[in-house]
Amino acid sequence: MEKKALDFIVIGAQKAGTTALYKYLAAHPGIYLPLVKETNFFSDDENYRKGGEFLFSEHYRNAAPSKKWGDVSPSYMAGGFAAPVEEIARRIFVHAPGVKLIAALRHPVERAYSHYKMSVRRGWEKRSFAEAVREQMSRRGEALERPTETNSYLAWGEYGRILEIYGEKFDRDTLFVTTAEALASDPGRIVKQIFAFIGVDPEFTPPNLGKRYHVGGKERRLSWLPNDVDKISFLPWKIRLAYRKLPLSWRMSARFWLEIWNTKPSRQDSGGLPALDPALREDLVRYFSADVGRLGELGIETGWEEWQASRAPLT
């Protein structure tokens with residue numbers, strides 16, 4: 001390891017296909033990604049205080065300098081670990097002013113509902129989706145003191161606001177934007193564009209192209225199994241002790257993939273929850289209308305049908 005600079009960062013968004021994108025990118029022979037999908041270095045105050053040496057010694061010590069080094073951390077469009085998005089963007093610019101940024105956006109109403117289902121599955125959310133989002137709609141325009149998994153169903157889908165913040169630090173041509181819908185429907189085309197943007201062979205086809213990862217659901221396969229290996233009580237104490245001595249990146253990766261495995265994919269798009277009430281969906285579409293308009297002002301077209309025609313935002 002010699003060069004200590006990131007070439008690209010997938011900044012988000014949460015619940016927008018970044019796990020699949022991580023797997024596709026990791027398959028490219030010209031790209032190096034850490035074992036753990038989300039380093040969260042720039043969004044986690046505790047990690048960031050350890051400095052850039054920690055980032056590279058912890059996650060890139062085996063990286064060949066000839067490869068393009070990347071990071072896939074959706075928290076960079078969300079904040080919430082303590083640092084707001086404004087501070088995350090500033091930190092990235094200070095450490096890697098020439099980095100290329102990649103954002104994958106998902107229809108904000110669908111993203112919000114997927115986010116909600118994850119919170120229910122993890123036992124963090126007891127309200128109905130309608131109760132949760134109507135309460136958040138009533139706070140429109142208020143800055144969240146601390147974004148969390150359950151108070152940010154709408155805020156983390158305000159992509160126009162978030163990308164404008166990055167636009168204050170980075171030139172528009174350093175940002176590649178796609179959608180989860182495009183990645184799912186035409187992964188070959190999107191991945192080829194991203195490879196070219198990063199600067200690696202765009203003709204390489206990942207062997208896992210088109211495979212779905214982290215399929216959502218509200219239930220776990222084994223309801224009694226914790227998502228952290230260290231909390232699995234029936235494991236011998238020597239195994240748990242050895243686990244605690246593993247590098248942080250290995251433990252973070254183990255927790256992430258254990259949760260994915262232990263999520264029971266739903267056979268229904270709703271994840272086993274009631275379908276969205278049409279009136280609520282319409283209110284949410286109107287809620288996001290102004291923000292989707294901000295994306296248009298940034299030259300970002302999403303193709304989301306609800307916003308093809310002009311709609312007045314909620315007041």
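The entries below go from the whole chain to the sheet, a helix, the backbone and a pocket.

**Ground rules.** I am working with a predicted model, where local features need pLDDT of at least 70, side-chain atom pairs count only at pLDDT 80 or more, and totals for chains, interfaces and linings use all residues. Residues are numbered from 1 along each chain as its sequence is written, and side-chain values use heavy atoms, with hydrogens and water left out.

**Whole chain.** I found 12 helices and 7 strands in the protein chain; these are DSSP runs numbered from the N terminus (helices H or I, at least four residues; strands E, at least two). Of its 315 residues, 50% count as buried, meaning under 20% relative accessible area with a 1.4 Å probe, protein chains only. I also looked at contacts (heavy atoms within 4.5 Å). Among those with a separation of 6 or more, 77% come from residues 24 or more positions apart.

**Sheet.** I traced an open sheet of 5 strands in the order E2-E3-E1-E4-E5, with parallel pairing; two strands pair if DSSP finds at least two bridges between them. Strand E2 (31–32) and strand E5 (175–179) are the edges: each has a single partner strand, so one side of each is left without a neighbour in the sheet. Helix H1 (residues 18–26) packs on this sheet and touches E1, E2, E3 and strand E4 (100–105). The direction of H1 makes about 165° with that of E1, using axes fitted to C-alpha atoms (for helices over the stretch in contact) and N-to-C angles from 0 to 180 degrees. I then checked E1 (residues 8–12) against E3 (residues 68–72), and they pair in the parallel sense over 3 bridges. Phe8 has Gly70 of E3 as its bridge partner.

**Helix H5.** Is H5 buried or exposed? I counted 12 of the 14 residues of H5 as buried, so this helix is largely enclosed by the rest of the structure. The buried ones include Arg111, His115, Lys117 and Arg121. H5 (residues 108–121) reaches 20 Å from its first C-alpha to its last, close to the 20 Å expected at 1.5 Å a residue; the expected span is 1.5 Å times one less than the number of residues. Just after H5, Gly123 takes a positive phi of about 80°.

Most residues other than glycine have a negative phi, and most peptide bonds are trans. I therefore noted these spots, given that background.
- The peptide bond from Gly12 to Ala13 is cis, with omega near 10°, and Ala13 lies in the loop between E1 and H1.
- Lys15 sits in the loop between E1 and H1 and has a positive phi of about 60° although it is not a glycine. Lys15 is buried, at a relative accessible area of 17%.
- Asn40, in the loop between E2 and helix H2 (45–49), has a positive phi of about 55° without being a glycine. Asn40 is buried at 8% relative accessibility.

**Second largest pocket.** Which helix gives the largest share of the lining of the second largest pocket? H12 does, with 5 residues. I noted a lining of 32 residues, of which Glu142, Leu144, Ala155, Glu158 and Arg161 lie nearest the centre of the pocket. On a 1 Å grid over the protein atoms alone, a pocket is an open set of points where a 1.4 Å probe fits, with protein on both sides within 12 Å along at least five of seven lines; lining residues have an atom within 4 Å of a point. Helix H4 (85–95), helix H7 (159–167) and helix H12 (278–297) each supply at least two lining residues.
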